[in-house]
Amino acid sequence: MKTIFIAALQDETKGLKNFHFTGVGKINATLKTVELIIEYGPDRIVNFGTAGSTKTNISGLVKCTRFVQRDMDVRGLFDFVLGETPFDDITDIQFGDNGFTCGTGDNFAQSTVDIECDLVDMEAYAIAKVCKIKNVYFECYKYVSDYINKQSSYDWSVNVQKGAKLFADKFNESRI
């Protein structure tokens, strides 16, 4: 199985090898994921990165299996719900079971989010959507670097590099 490992930032992967970097945000993640699929033709893409938790009982390295878009908001147009892209058949994406829900948005969440999700990030939904459309299996692991609160940006900067070792242990460094 041909696997590609991707993350948004090098800071998230200190000590890890063989990663491609998307940059921050849904557009950058989409573009880079498409480029990687065209260039390498993988069977699987594994995303690792940091995420904020919306719940205080979620910590460490966690697997995400459901992906929603937390900042797509056209509720004022017809009968759309938060997270639904108008006239698009793909809104709620699932890869596997027994994981957490990741809400992706192009903002750094520092207070409550209106959509039901366990974690918040800025890339996973975009990567998952490209993988779904291109028929590439997607796995996503997030290290909980902060909790959604007023000091989350400080917490993220302190904790951004702590998840790489946990990810390496999970994936056995020889495979990365």
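Q: Is Cys131 buried or exposed?
A: Start with the cut-offs. Buried means under 20% relative accessible area, exposed over 50%, and partly exposed in between, with a 1.4 Å probe and protein chains only. Cys131 has a relative accessible area of 0%, so Cys131 is buried. A caution about the source: this is a predicted model, where local features need pLDDT of at least 70, side-chain atom pairs count only at pLDDT 80 or more, and totals for chains, interfaces and linings use all residues. Residues are numbered from 1 along each chain as its sequence is written, and side-chain values use heavy atoms, with hydrogens and water left out.

Q: Which residues does Cys131 touch, not counting residues up to four places away in sequence?
A: Contact means heavy atoms within 4.5 Å. By that rule, Cys131 touches Ile45, Phe95, Val136 and Phe138. Compare that with Glu116, 15 residues from Cys131 along the chain: the two C-alpha atoms are separated by 22 Å.

Q: In which element does Cys131 lie?
A: Elements are DSSP runs: helices are H or I with at least four residues, strands are E with at least two, and both are numbered from the N terminus. Cys131 lies in helix α2.

Q: What follows α2?
A: Asn135 follows α2, and its phi is positive, near 60 degrees. Here is the background. Most residues other than glycine have a negative phi, and most peptide bonds are trans. Asn135 is not a glycine, yet it has a positive phi. Its place is the loop between α2 and β8. With a relative accessible area of 73%, Asn135 is exposed.

Q: What is the phi of Asn18, and where is this residue?
A: Asn18 has a positive phi near 65 degrees, and it is a residue other than glycine. Look in the loop between β1 and β2. Asn18 has 54% relative accessibility, so it counts as exposed.

Q: Which strands pair with β1?
A: Two strands pair if DSSP finds at least two bridges between them. Strand β1 (residues 3-7) is mostly covered, with 4 of its 5 residues buried. β1 pairs with β3 (residues 44-53) in the parallel sense over 4 bridges. β1 also pairs with β2 (residues 19-21), again in the parallel sense, over 3 bridges. Follow Phe5 to see both. Phe5 stands opposite Val46 in β3 and opposite Phe19 in β2.

Q: How many bridges join β4 to β6, and how many join β4 to β5?
A: β4 and β6 (residues 100-104) run parallel, joined by 5 bridges. Val68 stands opposite Gly103 in β6. β4 and β5 (residues 93-94) run antiparallel, joined by 2 bridges. There, the bridge partner of Arg66 is Gln94. β4 (residues 61-69) also pairs with β8 (residues 137-147), in the antiparallel sense over 4 bridges.

Q: Where is Ile148 found, and which residues does it touch?
A: Ile148 is found in the loop between β8 and α3 (152-159). Its relative accessible area is 18%, so Ile148 is buried. Leaving out residues up to four places away in sequence, Ile148 touches Ser53, Thr54, Ala109, Gln110, Ser111, Thr112, Val113 and Val120. Phe138 is 10 residues away along the chain, and its C-alpha atom is separated from that of Ile148 by 26 Å.

Q: How many helices and strands does the protein chain have?
A: The protein chain has 4 helices and 8 strands. From the N terminus on, they run β-β-α-β-β-β-β-β-α-β-α-α.

Q: What is the radius of gyration of the protein chain?
A: This radius is taken over C-alpha atoms, and the globule rule is 2.2 Å times the number of residues to the power 0.38. For 176 residues, a compact globule would have a value near 16 Å; the protein chain has 15 Å, which agrees. Of the 176 residues, 48% count as buried. Take contacts between residues at least 6 apart in sequence: 73% join residues at least 24 apart.
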